[in-house]
Amino acid sequence: MPDSHCTKDIQKNISCSTSAPQRSPTATFTELQPLMANAVLPETSEEDKGAKDSGQTAGPTIRQRARTKFLKGVSYFAGDMKPFGKWMEKQFILVQLLDWVLRGASQVMFVNNPLSGLIIFGGLILQNYWWALNGFIGTLFATISALILRQNRGAIAAGLYGYNGILVGLLMAVFSNAGNWYWWLLLPNIFMSMMCPIVSSALASINSRWDLPVFTLPFNILVCLHMVATGHYNHHFPQVLIQPRSELPNITWADIDVAKLFMSVPVGIGQVYGCDNPWTGGMFIISLFISSPITCVHAVLGSAVGMVSGLALAAPFGDIYFGLWGYNCVLACIAIGGMFYALTWQVHLLAITCAFFCAYLGSAIANIMSTFGLPACTWPFCLSALTFLLITTEAKKIFKLPLAKVNYPEKNLGFYWKLKKQEKIEKAEKERNEREEQQKALEEEVTLNEKEQLRLELERMEEGSIEKVAVEVQTEDTD
């Protein structure tokens, strides 16, 4: 509050002192109350209580309570299931391990939710029992390896050391040419899965310099390493034969199947885990919606973008129906669309742009990798997402979250709104202080001017009194 000055007359201006207005003890206590713990409220009169009770309506209180209860109920199964995670901290280690495995399965889609992970494993079982077993073993041993290496327990509990393991286990089974239930495949599966935390930790020490995640780079490195080390012509672990396209595909637009084209959207989401069953993809969509509707929407958009890009680049219809053009775009669209950026309409458009870029990059990488007999894996997603996370812009609506603050998109958006609200408060406080300083400087200048005028008037009065005395002296001398 700016200081008040008394300037009634000239004499009072000389001796007037600046003092802050007096405040009642109740007002002072109200200002200090947020800084005090277990504060005792000052006694209020019955009239004040009656005025407060009459001014406060029951409507907002009931709505606030209902909203709090609703959000608390939703938190038991949506988002990151924080209450369930706190309850799990007190359970036996084997029970916690199961929770970590389920969270690791869902973290492939940037979801930290054991219920979503359970549905994802259900979809994998629907697709192929053998693949689901390999995925479970990969996640389990990757998590155990992280525990042995004494990695961050919070990251382990969030499934951040398990998601590369499930991809390694699944894709090693998918690309194996030995068929289902080839039990010897579990040996390289376990070994490569246990390598995931080592590669993740090594890459994290590099990417952390730019505050970037490792994504699925460990999975790409280890699966490609295994396939190059074994190859198609191998007695123990033969791989499927991957060859570059050698002839022009026969594409006739009249032969396009619209139903399969739309079905390629859930299939593209399922192909993130190497699954081509549309029902499995539908289960994955449900698992995403349970944890984060924003993630679910961007997953569907990313798969649709991949399908459109495949048509634009004249890709064989079979590849589009099989979801090969969608899965990298799914991950790229989720990563940019609210996961590592706070979701605004500008970020939403940026996510769609990243998905288109990922589709083009995926086609290029697939053509290059096929010459070496390797699949594209998720290299296109990693490279495109990292590229879009490294961009710099002066647009205030494109806000990249610090890696330590990244959570599910809805919570990220709440953090962004809270940060913007705090910035507005700080800006308003700064402007208020500047106005107070300007007003204070103006008042000081006015006071100085008044004092200067007073001094000049006193000097004139003194000169006038001296002249009057001199005239009186001269008059007396003449008399």
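Here is a walk through some helix packing, aromatic pairs and the nonpolar core of this predicted model.

Let's start with helix 7, which covers residues 114–127. One of its partners is helix 14, residues 278–291, and the two pack at an angle of about 180° with their axes 9 Å apart. Angles over 145 degrees count as roughly antiparallel, and helix 7 and helix 14 are therefore roughly antiparallel to each other. If you want to find the contact on screen, look on the helix 7 side for L115, S116, I119, I120, G122, G123, L124, L126 and Q127. Across from them, helix 14 brings W279, T280, M283, F284, S287, I290 and S291. Sort the residues of this contact by type and you get nine nonpolar, seven polar and no charged.

Helix 7 also packs against helix 8 (residues 129–148), here at an angle of about 145° and with the axes 6 Å apart. From helix 7, the residues involved are F121, L124, I125 and Q127. They meet Y129, W131, A132, G135, F136 and T139 in helix 8. This contact divides into seven nonpolar residues, three polar and, again, no charged.

Now for the aromatics. Searching the whole structure turns up 16 aromatic pairs. One of them joins F110 and F381 edge-to-face, at 6.0 Å centre to centre and with 70° between the planes. F110 sits in the loop between helix 6 (93–106) and helix 7, while F381 belongs to helix 19 (residues 379–389), so this pair ties together parts that are 271 residues apart in sequence. Both F110 and F381 are buried. Another pair, W181 with W183, is tilted: the ring centres are 5.7 Å apart and the planes make 40°. W181 has 43% relative accessibility, so it counts as partly exposed.

Together with F215 and F340 they form one aromatic cluster. Leave aside the neighbours within four places in sequence, and F381 is in contact with F110, F215, T216, N328, L331, A332, A335 and C358.

Which residues touch the most other members of the largest nonpolar core? Out of its 100 residues, they are M109, F110, L124, I166, F215, Y273 and F381. As for where the core's residues come from, helix 17 (residues 327–339) supplies the largest share, ten residues.

How values were computed
Residues numbered from 1 in each chain as written. Predicted model: local features only at pLDDT ≥ 70, side-chain atom pairs only at ≥ 80, totals over all residues. Heavy atoms only, no water. Axes fitted to C-alpha atoms, helices over the stretch in contact; angles between N-to-C directions. Helix = DSSP H or I, 4+ residues; strand = E, 2+ residues; numbered from the N terminus. Parallel < 35°, antiparallel > 145°, perpendicular 65-115°, else oblique. Contact = heavy atoms within 4.5 Å. Nonpolar A, V, L, I, M, F, W, Y, C, P; charged D, E, K, R; others polar. Phe/Tyr/Trp six-rings, centres within 6.5 Å; stacked < 30°, edge-to-face > 60°. Buried < 20%, exposed > 50% of the residue type's maximum accessible area, 1.4 Å probe, protein only. Core = buried A, V, L, I, M, F, W, Y, C linked by side-chain atoms within 4.5 Å.
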